[in-house]
Amino acid sequence: MSRPHPNAPAKRPASMRAMQLERPGEALRAVHLAVPHPGPGQVLLRVEACGVCRTDLHLIDGELPDPVLPMIPGHEIVGRVVEPGAGVTDLVPGQRIGVPWLGWTCGHCGFCESHRENLCDAARFTGYQIQGGYAEYTVADARYCFPLDEALDAAEAAPLLCAGLIGYRALEMAGEAHRIGLYGFGAAAHIIAQVAVWQGREVYAFTRPGDSASQAFARQ
């Protein structure tokens, strides 16, 4: 039997605070909800920080089709395990983990079996079809939780769960190229530019004509 982590949080409370979207185009509403129970293969975690992604704004503005409502947005989640569900043996109470956008896949389609789960036709996403991280507690599929280093600041680590992941995936696909071009310079590009510069690469940012703010950000 696994031993609890030294940073194991207190036992689950009965209720939690959350920010909930009830209808697209409206502001999030502060609510009190019951703390969810983790099902088989899931973990309950206490949220330390949750980043704001452009996709969250698309959801709130009604630009994503067929959202589950009411919904707690947020998919750049850093938290600590409170309670593992049945069958979860590799995550223990108190362990720090991250929860990304991709929240569940079928596990048996051709994409899942070839390690391209992000293309699964049945995929479900955190903060869109699965309740997200703008809350004190949330439940996540243990398969899509990442162990995180204790040294990381929670607020600084949160954007790595989306912008960092997609940027790093693109950088890996670019191979060993010495010169890297980044089309657009938003959250993902500004993170991966720092990685590429640290690796000794030349980095070029391509922005829309007249987008002086992004151009200045890239030069910075």
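This is a predicted model: local features need pLDDT of at least 70, side-chain atom pairs count only at pLDDT 80 or more; totals for chains, interfaces and linings use all residues.

1. Strands, as the term is used in this note, are DSSP runs of E with at least two residues, and they are numbered from the N terminus. By that definition L33 belongs to strand β2, which spans residues 29-34.

2. What does L33 touch, leaving aside residues up to four places away in sequence? The contacts of L33 are A14, S15, M16, A18, Q20 and I72. L33 counts as partly exposed, because its relative accessibility is 28%. The C-alpha atoms of L33 and Y137 are separated by 9.9 Å, the two residues being 104 residues apart along the chain.

3. I turn next to the pairing of helices α4 and α5. Helix α4 covers residues 163-173 and helix α5 residues 187-198; their axes come within 8 Å and cross at roughly 55°. That angle makes α4 oblique to α5, and the crossing in which α4 passes α5 is right-handed.

4. Which residues make up the contact of α4 with α5? On the α4 side they are A163, G164, I166, G167, Y168 and L171, and these meet A187, A188, I191, I192 and V195 of α5. By class, the residues of this contact divide into nine nonpolar and two polar, with no charged residue taking part.

5. The salt bridges deserve a separate look, and a search of the whole structure finds nine of them. Side chains of opposite charge can pair when their charged atoms come close. One of the salt bridges joins the side chains of E48 and R80, with an N to O distance of 3.0 Å. This pair links distant parts of the chain, since E48 sits in strand β3 (residues 42-50) and R80 in strand β4 (residues 77-84), 32 residues apart.

6. R96 is buried, because its relative accessible area is 7%.

7. A further salt bridge is formed by the side chains of R179 and E202, at 3.3 Å from N to O. R179 lies in strand β10 (residues 179-183) and E202 in strand β11 (residues 202-206), so this pair ties together parts of the chain that are 23 residues apart in sequence. R179 counts as exposed at 56% relative accessibility, while E202, with a relative accessible area of 28%, is partly exposed. As for E48, R80, R96 and E150, salt bridges that share partners join these residues into one network.

8. The loop between α1 (54-60) and β4 contains P70, and the peptide bond that leads from L69 to P70 is cis, with omega near -5°. D66 is found in the loop between α1 and β4 as well. Although D66 is not a glycine, it has a positive phi of about 55°, and at 69% relative accessibility it counts as exposed.

9. Where is the residue H115 placed? H115 is in the loop between α2 (110-113) and β7 (124-125). Its phi is near 60°, a positive value in a residue other than glycine, and H115 counts as exposed, because its relative accessibility is 67%.

10. The last point concerns P93, whose place is in the loop between β4 and β5. P93 counts as partly exposed, at 24% relative accessibility. The C-alpha atoms of P93 and E83 are separated by 5.9 Å, these residues being ten residues apart along the chain.

Conventions
Residues are numbered from 1 along each chain as its sequence is written. Side-chain values use heavy atoms; hydrogens and water are left out. Axes are lines fitted to C-alpha atoms, for helices over the stretch in contact, and angles run from 0 to 180 degrees between N-to-C directions. Helices (H or I, at least four residues) and strands (E, at least two) are DSSP runs, numbered from the N terminus. Angles under 35 degrees count as roughly parallel, over 145 as roughly antiparallel, 65 to 115 as roughly perpendicular and the rest as oblique. A crossing is left-handed if the near helix is turned anticlockwise from the far one by less than a right angle, and right-handed if clockwise. Contact means heavy atoms within 4.5 Å. Ala, Val, Leu, Ile, Met, Phe, Trp, Tyr, Cys and Pro count as nonpolar, Asp, Glu, Lys and Arg as charged, and the others, Gly among them, as polar. A salt bridge is a side-chain nitrogen of Lys or Arg within 4 Å of a carboxyl oxygen of Asp or Glu. Buried means under 20% relative accessible area, exposed over 50%, partly exposed in between (1.4 Å probe, protein chains only).
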